[in-house]
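This report describes selected features of one structure.

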Amino acid sequence: MTPQPPPEPRNADGETRRVGVEIEFAGLPPQRTAELVQSLFGGDIEVLSPHRLKVTGGRWGDFGIELDTQYAHPDQEVMAAEDAIDSEWARMRRDFHSRTRELIGDMVTGLVPTEIVCPPVPWDELGELDALFEALRQHGAKGSDASLLYGFGLHLNPEVPSLEVESLLAYLRAYMLTAVWLREQIHVDITREVLPHANPFPRAYALKILDPDYAPDLETLIADYLADNPTRNRELDMLPLFAHLAPDYPHELLQNRLVKARPTLHYRLPNAQLSEPDWGAVTEWNRWLEVERLADTPETLAERSAQFLARHRPSAPRRLLIRLRRWISAR
């Protein structure tokens with residue numbers, strides 16, 4: 001399958017936009033997965049801990065491979081604290097912590113997914129990255145459709161074409177209007193629907209940002225998003241992008257070490273459909289482009305926003321009643 005071109009193929013610096021890809025699966029442990037990545041894209045395997053590895057110096061950059069649970073890996077803060085103490089007891093505690101985490105990883109291998117975090121790939125080379133998905137299938141990797149217990153996903157991190165607030169708002173609006181279609185196309189796995197990993201946006205937030213009079217600056221856009229979405233688990237997670245744009249913003253979520261600041265959107269919705277022979281990153285990229293095409297056509301975006309508001313916004317008497325109830329409850 002060939003990746004379709006986005007309406008804006010280049011970033012703000014005039015370079016080809018890149019896409020980060022993350023994939024979760026069962027059936028292959030991290031060491032074997034790292035060897036598979038190395039065989040496809042070259043580089044050297046670096047063992048960070050027994051269940052966390054990197055393939056460095058290969059095509060496009062570094063691949064990260066690990067069991068997708070923090071409890072299978074040494075806590076770096078604990079390790080650093082013990083390293084700061086020059087004593088035999090500290091070394092024993094450090095060794096005990098590492099061995100305990102390794103044992104936990106051994107016990108949960110097969111129960112929690114292995115995750116590959118790919119380096120950013122130019123959008124027009126995603127077809128070559130799909131060789132990884134075919135190799136995973138051939139070596140027994142299992143996706144979300146292999147078991148009711150497998151709530152695995154694929155995440156795309158498309159680099160934004162512009163860092164201007166107007167462009168970011170257009171993407172958010174376009175996603176709100178396309179989300180239902182995407183869920184229907186993807187047939188989101190029932191386990192992922194139950195687990196809080198890719199939740200839809202609340203209706204109140206959609207009504208707020210689709211209002212034609214909503215024209216925030218960056219600080220207001222971030223504040224409104226955090227007020228209605230105080231979580232990492234939105235199907236379109238804006239936190240990495242906001243952490244990149246406002247690194248000193250005073251909110252605990254933007255300072256969370258699990259939020260990796262980068263100039264990308266974090267699209268969390270797709271399943272990991274490894275049982276489908278032609279499925280891969282290109283499949284989900286081509287679906288995602290429906291959002292980008294809508295964001296790039298202002299007149300259509302405004303028309304569809306108005307239609308959404310007409311269907312879902314409360315009538316004037318209803319809005320008055322809601323405000324009255326809030327006023328009464330606040331007294």
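Buried means under 20% relative accessible area, exposed over 50%, and partly exposed in between (1.4 Å probe, protein chains only). This is a predicted model, in which local features need pLDDT of at least 70 and side-chain atom pairs count only at pLDDT 80 or more, while totals for chains, interfaces and linings use all residues. Residues are numbered from 1 along each chain as its sequence is written, and side-chain values use heavy atoms, with hydrogens and water left out.

Helices (H or I, at least four residues) and strands (E, at least two) are DSSP runs, numbered from the N terminus. Strand E7 covers residues 154-158, and five of its five residues are buried, so the strand is largely enclosed by the rest of the structure. Strand E1 (residues 18-25) pairs with E7 in the antiparallel sense over five bridges; two strands pair if DSSP finds at least two bridges between them. Leucine 156 in E7 has valine 21 standing opposite.

## Aromatic pairs

The structure holds 11 aromatic pairs. Rings of Phe, Tyr and Trp (its six-membered ring) pair if their centres lie within 6.5 Å; planes under 30 degrees apart count as stacked, over 60 as edge-to-face and the rest as tilted. Two of the pairs are listed here.

| Pair | Centre distance | Plane angle | Class |
|---|---|---|---|
| Phenylalanine 41 and phenylalanine 63 | 5.3 Å | 5 degrees | stacked |
| Tyrosine 225 and phenylalanine 242 | 5.4 Å | 80 degrees | edge-to-face |

Phenylalanine 41 lies in helix H1 (residues 30-41) and phenylalanine 63 in strand E4, so this pair ties together parts 22 residues apart in sequence. Both phenylalanine 41 and phenylalanine 63 are buried.

Tyrosine 225 is in helix H8 and phenylalanine 242 in helix H9, 17 residues apart. Tyrosine 225 is buried at 0% relative accessibility, and phenylalanine 242 is buried with a relative accessible area of 0%. One aromatic cluster is formed by Tyr175, Phe201, Tyr205, Tyr225, Phe242, Tyr267 and Trp288.

## Helix H8

Helix H8 spans residues 218-228, and its buried residues are Leu221, Ile222, Asp224, Tyr225 and Leu226. Their cover includes helix H5 (165-186), helix H7 (203-210), strand E8 (236-237) and helix H9 (239-245).

## Glycine 64

Glycine 64 is found in strand E4 (residues 61-67) and is partly exposed, with a relative accessible area of 21%. Leaving aside neighbours within four places in sequence, glycine 64 is in contact (heavy atoms within 4.5 Å) with Leu53, Glu115, Ile116 and Val117. Glycine 64 and isoleucine 116 are 52 residues apart in sequence and 5.7 Å apart in space, C-alpha to C-alpha.
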